[in-house]
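Hi,

Here is the structure I promised to pass on. Could you have a look when you get a moment? My notes follow below it.

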Amino acid sequence: MSTRMFGEPIARREDPRLLTGQGRFLDDLGRGALAAAFVRSPHAHARVTGIDVADALDVDGLVAIYTWDDLPGRVAEPLPLLIPHPALTHGRTGYALARDVVRHVGEPVAMVVAADRYLAEDAAERVRVGYEPLPAVVGIENAERARDLVHPDVPGNVGAVLLQENGDAPAAIADAPHVLEFRLSIERSASTPLEGRGVYARWDADDGSLRVYSSTQASTSVRAAIAAKLDLPPGKVEVVAPDVGGGFGVKIVHPWPEEVLVPWAARLLGREVKWAEDRREHFVASAHERGQLHDVRVGFDGAGRVLGLDVRILHDHGAYTPYGIIIPIVTSTQLLGPYRIGAYRAEVRSLYTNTLIVTPYRGAGRPQGVFCMERTMDRIAAHLGLDRADVRAANLIQPDEFPYDQGLTFQDGRPLVYDSGDYPELLRRVRDLIGWDAFEGERRAAAARGRRIGIGLGCYVEGTGVGPYEGGHVEIDSAGRVHVSTGLTSQGQGHQTAFAQIAAAELGVPIESVRVTTGDTRRFGYAVGTFASRAAVMSGNAIALACRKVRAKALRIAAEALEADPRDLDVTDGVVHVRGDRSAAVPLATVAVLSNPLRYAFDAQTAAATQFATGRPPSEPPVAPGDEPGLEGRDYYSPVRSTFAAGAHAAIVETDPDTAEIRILRYAVVHDCGRLVNPRIVEGQIHGGVAQGVAGALYERMAYDASGQLLNASFMDFLMPYATEVPAVEIDHLETPSPLNPLGIKGAGEAGVIPVSAVIASAVEDAEGIGIDAMPLSPDALFHLRRTSAAWSAAGTGAGTGAGAEAGSAAGAGAGRRREDDDAGGVARGAGDLNPASPPDPSRGGEPRPGQPGIVPEGEL
């Protein structure tokens, strides 16, 4: 196999092991360990009046029961607020076990340890907890009204108020020829990986060390958190992430209560202890995301160019804020997408509710922001009677404008500066890929056969490769094997393949000789974690830099052996040779031997490195000053700021006239993540992301009732798409290398999911002629939208804010008529500028279409 591996679409090397049942996941470990189970609150908000464990003590095999009163020192303190921010003025975190008050269903109240999980669950069921119910705050609107408080010392339930702005947006809007106002919403969803969370710990009393296995996205951070909570030296704590069955963001939080309690119990009891999350626990005790409302006011000119944009974002961050306000920060900055906006203002109010905490879920605030901006672009097009793609083109940042400073502060605390890209080319390619310009013919053909179809598109920019750093260690052993280690973890991204490709290309070795280890603090102790599409950018570049150190040392040592100038040497297939003369060569395996001067020979190969065999002059030390034994290198990559990937998606959908079912007929993606390490892996990431995007757009939602009970906390009730609902994805790649890192790469892990809700909303709106202002969009919601629209048309008048705006539903999304306002210049009150009585065609010129919105024959797509 060629050693020029960078950019080749090779198959993932980890898959044969995983697909043949040889994976090693958290619950495969610790077969003889004690098992933990948790007593969790059945109330969304209540005061704990007492805990009675008497009945549980009769369970055979019970080892221990712990409540907050049993926790010592720092274990009893609140869990850390991981990402403080000046705008987070009222950050609050929970306890490992509830102290006095519970604030969401599923909050842990007691931990039971027993001989096995069955016995632990039996004992947990017998623990009697007294609760005094308190009013529950559920939903963003209720949180904002603040009739009741989640935390009595947090006024108005407002944890944070963040303002980001560039220019004077209100003034720009007031002076604009055209102005629109509307509200958009996205409901809560969740990561729901195949494998839930889990922790397994064992204490070594002889040397006072703790080894913890956790299904985590941040093993080194979990180590630091456990060491701090248990008052242990970090060097005495080892954390290993075994194979992880998916993360998508939920496993980036650290420490979870269980990651503190299970190791603490293992040390206290002197026994191995394990806990593996069941599915209901994951629904009610892990984390959710997505829930936001956006009040938009936009001013623009006759060509659709945005002159001013003012967005008020209400963010539901749940009962606590352990991960800070990263998600609304990302929303407020990534909302701008690939566009040059005249003036921009975003005000975020992040609110407490008596629901599960909110932490990043693949996309991490970007799907909400892109939904907001792309729906805005569609409304501008409808208002002006322009093609939706043309309005986007009129606002795009041009290739010669990079680096482009948006004048805001990104989630990493650094300026929001786009490093490279060609956004007009992305838009051009996705139009070609989906057949945008020919679609009206397809619509007419479909209509002739009684079918209703629509087309939509959306653009996005994704900040990737956020700092502060990642590292890499590379070692070549005396057998010529290359061992690569990095501290971040893997949850299915193909790191064992992509990182091996980088190492093989940098060192000039066959990829078969490269082995990659991730997420093991025994091999690499300093890292940040796997999230925010950062692994390839951060660890990929760190590994490349480490490889370059190793390569330089190998060439220097080989030059001595070959009596050549290092500048005249190259490495091919693991052999160092003089350029143009393969006969003057030495294998890297031999170079590795020579790099380590030995006193003792263990075999014929190591004999070449002993004191009587080496050729170094006796006047020089065996190890040169400033050098180290061995053929290995370590380096770190720390970026000045994030890289920014980008893309454009488009879709054709069909809506059933009777059942309101939505079917995706075609889906196209054009993506730019800089230089591609492995196109096959990137396409896999895009396919998986689109699948999650479809789920978020049409199926997934967390249905809470007014008392804070999650009504669909199982896979029987929580809808997800099957393979039959996920479309085949047509993909094209654009490569604009990043100037910010040695490899010129950008992240790709979240791109597939980010614009999907916006794209599908655009396509359904085009098919139906009814405004879509909320996601997810179920057949039931679309059915009621049709009825609301028909009733509005019959009445000949419109409600100011849309019939369903308060509840965040899609009903009434298009129920706002245009009202000309001399001062504001044409303000559309309510959900937008779409008039259901004579709906404009947003895709082609905006003129009303007579009769049903158009349709197309199955075989013609």
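A definition to start with: angles under 35 degrees count as roughly parallel, over 145 as roughly antiparallel, 65 to 115 as roughly perpendicular, and the rest as oblique. Please keep in mind that this is a predicted model, in which local features need pLDDT of at least 70 and side-chain atom pairs count only at pLDDT 80 or more, while totals for chains, interfaces and linings use all residues. Residues are numbered from 1 along each chain as its sequence is written, and side-chain values use heavy atoms, with hydrogens and water left out.

Now the helix pairs. Helix H5 (residues 219-230) and helix H6 (residues 257-269) pack at about 55°, and their axes are 10 Å apart. H5 and H6 are therefore oblique to each other. Axes here are lines fitted to C-alpha atoms, for helices over the stretch in contact, and angles run from 0 to 180 degrees between N-to-C directions. On the H5 side, Val-222, Ile-226, Lys-229 and Leu-230 meet Glu-259, Val-260, Pro-263, Trp-264 and Arg-267 of H6, where contact means heavy atoms within 4.5 Å. By class, this contact of H5 with H6 has 6 nonpolar, no polar and 3 charged residues. For those classes, Ala, Val, Leu, Ile, Met, Phe, Trp, Tyr, Cys and Pro count as nonpolar, Asp, Glu, Lys and Arg as charged, and the others, Gly among them, as polar.

The other pair is helix H8 (residues 326-334) with helix H9 (residues 366-384), packed at about 30° with axes 8 Å apart. H8 and H9 are therefore roughly parallel to each other, and their crossing is right-handed. Ile-327, Val-330, Thr-331 and Gln-334 of H8 make the contact with Arg-366, Gln-368 and Gly-369 of H9. The residues of this H8 contact with H9 divide into 2 nonpolar, 4 polar and 1 charged.

On the chain as a whole, there are 18 helices and 31 strands (DSSP runs numbered from the N terminus, helices being H or I of at least four residues and strands E of at least two). Buried residues make up 61% of the 861 in the chain, with buried meaning under 20% relative accessible area, exposed over 50%, and partly exposed in between (1.4 Å probe, protein chains only).

Which residues touch the most other members of the largest nonpolar core? They are Leu-309 and Tyr-418, in a core of 107 residues. H9 gives the largest share of this core, 8 residues. A second, separate core has 47 residues, including Ile-476, Ala-504, Val-576 and Val-586. A nonpolar core is a set of buried Ala, Val, Leu, Ile, Met, Phe, Trp, Tyr and Cys residues joined through side-chain atoms within 4.5 Å.

Ser-539 sits in helix H14 (residues 535-562) and is buried, at a relative accessible area of 0%. Ala-87 lies in the loop between strand S3 (62-66) and strand S4 (101-102), yet Ala-87 is buried too, at 10%. Leaving out residues up to four places away in sequence, Ala-87 touches Gly-159, Ala-160, Val-161, Leu-162 and Ile-325.

Best wishes

Terms used: Left-handed = near helix turned anticlockwise from the far one by under 90°.
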